[in-house]
Amino acid sequence: MPMFNIVIFGKPGSGKGTQADFLKNKYDLYHISTGDLFRKNISNKTKLGLEAMFYLDKGDLVPDSVTIKMLENEVLSNKDVNGYIFDGFPRTLNQAESLDSFLVSINLKINATIALDVNENELISRLLDRGKINNRSDDQDIEKIKNRFNEYNTKTSILIDFYQKQDKFFSVDGKGTVNDITSRLFDLVDSLI
Ligand code: ADP
């Protein structure tokens, strides 16, 4: 299989992380979750973590300057792979443009952006449920959740148009059981590789 790079896209709680894990295993990809990277830095109390903590707790996006550099470092430190699955990145137009030019500079490109489509009411209940079992302050407070949707709606959703213009945007119904959604994703990816 040729190198295949996927962006998994969707609102907070849409299942990106869960599904990225299945895609990673099936297609032997390297999974990069910017949210997980931030949380790892926060728990390790790194300089980057201390900088990002404040934004994550409020449900604001971390500034592009920090996020883009972290993403590029993660790619450059994991180069011997069959492809990447970008989870939670890009989330702004600036991030998307930076990702394109960064990938070109290392002879790569995004092959497909796949959105998980779920309505906000369903997402709120998923996130509050998740908040009961994880330690994420941003999953335990409805105002923080609404702020994350607002960040998505004002800064991230324009990427649909960005990737549609490149003929790389695909949307999958994100409602149903985890297995249902995984098989929708596998069918789609199989049709693209
Ligand atoms: P979710 O998609 O459920 O919100 P994530 O783990 O992807 O969860 O993101 C959690 C938080 O991490 C975001 O609310 C934001 O503060 C920060 N974050 C993650 N990815 C990015 C990004 N690409 N740009 C800016 N901030 C980000």
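User: Why does Phe186 count as buried?
Analyst: Buried means under 20% relative accessible area, exposed means over 50%, and partly exposed is the range in between (1.4 Å probe, protein chains only). Phe186 has a relative accessible area of 18%, so it is buried. Please keep in mind that this is a predicted model, in which local features need pLDDT of at least 70 and side-chain atom pairs count only at pLDDT 80 or more, while totals for chains, interfaces and linings use all residues. Residues are numbered from 1 along each chain as its sequence is written, and side-chain values use heavy atoms, leaving out hydrogens and water.

User: And is Tyr27 buried or exposed, and how do you know?
Analyst: The relative accessibility of Tyr27 is 7%, so this residue counts as buried as well.

User: What makes a pair of rings an aromatic pair, and how many are there?
Analyst: Rings of Phe, Tyr and Trp (its six-membered ring) pair if their centres lie within 6.5 Å. Planes under 30 degrees apart count as stacked, over 60 as edge-to-face, and the rest as tilted. Seven such pairs turn up in a search of the whole structure.

User: Why is the pair of Phe9 and Tyr152 called tilted?
Analyst: The centres of Phe9 and Tyr152 are 5.9 Å apart and the planes make 55°. Phe9 sits in strand β1 and Tyr152 in helix α7 (residues 142–156), 143 residues apart. Helices (H or I, at least four residues) and strands (E, at least two) are DSSP runs, numbered from the N terminus. Ring pairs also join Phe9 and Tyr152 with Phe169 in a cluster.

User: How do you classify the pair of Tyr27 and Phe186?
Analyst: The planes of Tyr27 and Phe186 stand at 90° with the ring centres 5.8 Å apart, so this pair is edge-to-face. Tyr27 is in helix α1 (residues 16–27) and Phe186 in helix α9 (residues 178–192), so the pair ties together parts 159 residues apart in sequence.

User: What makes you say that Lys26 lies over the face of Phe186?
Analyst: A charge sits over a ring if NZ of Lys or CZ of Arg is within 6 Å of the ring centre and within 35 degrees of the ring normal. Lys26 is placed over the face of Phe186, at 4.9 Å from the ring centre.

User: How do you know which strands pair, and what is their order in the sheet?
Analyst: Two strands pair if DSSP finds at least two bridges between them. β1 (residues 6–9) and β4 (residues 112–117) have four bridges in the parallel sense, with Ile114 as the bridge partner of Ile8. β1 and β3 have three parallel bridges, and β2 and β3 have four. The open sheet has five strands, ordered β2-β3-β1-β4-β5, with parallel pairing.

User: Why do β2 and β5 stand at the edges?
Analyst: β2 (30–33) and β5 (169–173) each have a single partner strand, so one side of each is left without a neighbour in the sheet. The twist from one strand to the next averages 20°; axes are lines fitted to C-alpha atoms, for helices over the stretch in contact, and angles run from 0 to 180 degrees between N-to-C directions.

User: What makes β3 covered on both faces?
Analyst: Tyr84 and Phe86 on one side, and Ile85 and Asp87 on the other, are all buried.

User: What counts as a nonpolar core, and which residues touch the most other members of the largest one?
Analyst: A nonpolar core is a set of buried Ala, Val, Leu, Ile, Met, Phe, Trp, Tyr and Cys residues joined through side-chain atoms within 4.5 Å. The largest has 28 residues, of which Phe86, Leu99 and Tyr163 touch the most other members. Helix α4 gives the largest share, five residues. Another core, of 17 residues, lies apart from this one, and Tyr27, Ala112, Leu185 and Val189 are among its members.

User: What makes Asn107 stand out?
Analyst: Most residues other than glycine have a negative phi, and most peptide bonds are trans. Asn107 has a positive phi, near 60°. Asn107 lies in the loop between α5 and β4, and its 73% relative accessibility makes it exposed. Asp28 is likewise not a glycine and has a positive phi of about 55°. As for peptide bonds, the one that joins Phe89 and Pro90 is cis, with omega about 0°.
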